[in-house]
Amino acid sequence: MDALLKPWALGVKYDGDATYPARNVVLSHRANCLSFTTLFVPLARYLGFHANYYQVEIPAVWDLQQTNTLVLYKHVNAIVLLS
């Protein structure tokens with residue numbers, strides 16, 4: 001986690017609008033929950049951890065963007081099983 005979040009390393013910061021593939025997270029140092037998890041899970045698996053995606057149950061939040069786009073916000077994170 002330090003290698004991803006600390007300023008002296010990759011220094012990824014949260015940005016709710018940053019829905020990027022993992023490569024773009026590394027280049028921009030910004031990620032939302034989905035982008036960060038998309039980077040984190042494969043890295044954790046590469047290091048030998050049993051990591052999986054986890055969709056968090058949250059109350060429905062809807063947003064009307066522009067005049068013809070309705071967005072339903074959800075949240076995802078990762079679960080790492082430690083023995």
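Helices (H or I, at least four residues) and strands (E, at least two) are DSSP runs, numbered from the N terminus. Helix α3 holds both Phe36 and Phe40, which sit 4 residues apart, about one turn of the helix. Please keep in mind that this is a predicted model: local features need pLDDT of at least 70 and side-chain atom pairs count only at pLDDT 80 or more, while totals for chains, interfaces and linings use all residues. Residues are numbered from 1 along each chain as its sequence is written, and side-chain values use heavy atoms, with hydrogens and water left out.

The structure holds 1 aromatic pair. The ring centres of Phe36 and Phe40 are 6.1 Å apart and the planes lie at 15°, so this pair is stacked. For such pairs, rings of Phe, Tyr and Trp (its six-membered ring) must have centres within 6.5 Å; planes under 30 degrees apart count as stacked, over 60 as edge-to-face and the rest as tilted. Phe36 and Phe40 are both buried (buried means under 20% relative accessible area, exposed over 50%, partly exposed in between, with a 1.4 Å probe and protein chains only).

Helix α3 covers residues 33-46, and Tyr46 belongs to it. With a relative accessible area of 73%, Tyr46 is exposed.

Strands β3 (residues 50-65) and β4 (residues 69-81) run antiparallel and are joined by 12 bridges; strands pair if DSSP finds at least two bridges between them. Across the pairing, Asp63 faces Val71 in β4.

The hairpin has 3 residues between its strands, and Gln66 takes a positive phi near 60° there. Thr67 is found in the loop between β3 and β4 and counts as exposed at 76% relative accessibility.

## A positive phi at His29

His29 lies in the loop between α2 (22-28) and β2 (30-31). Its phi is near 65°, a positive value in a residue other than glycine. His29 is partly exposed, at a relative accessible area of 33%.
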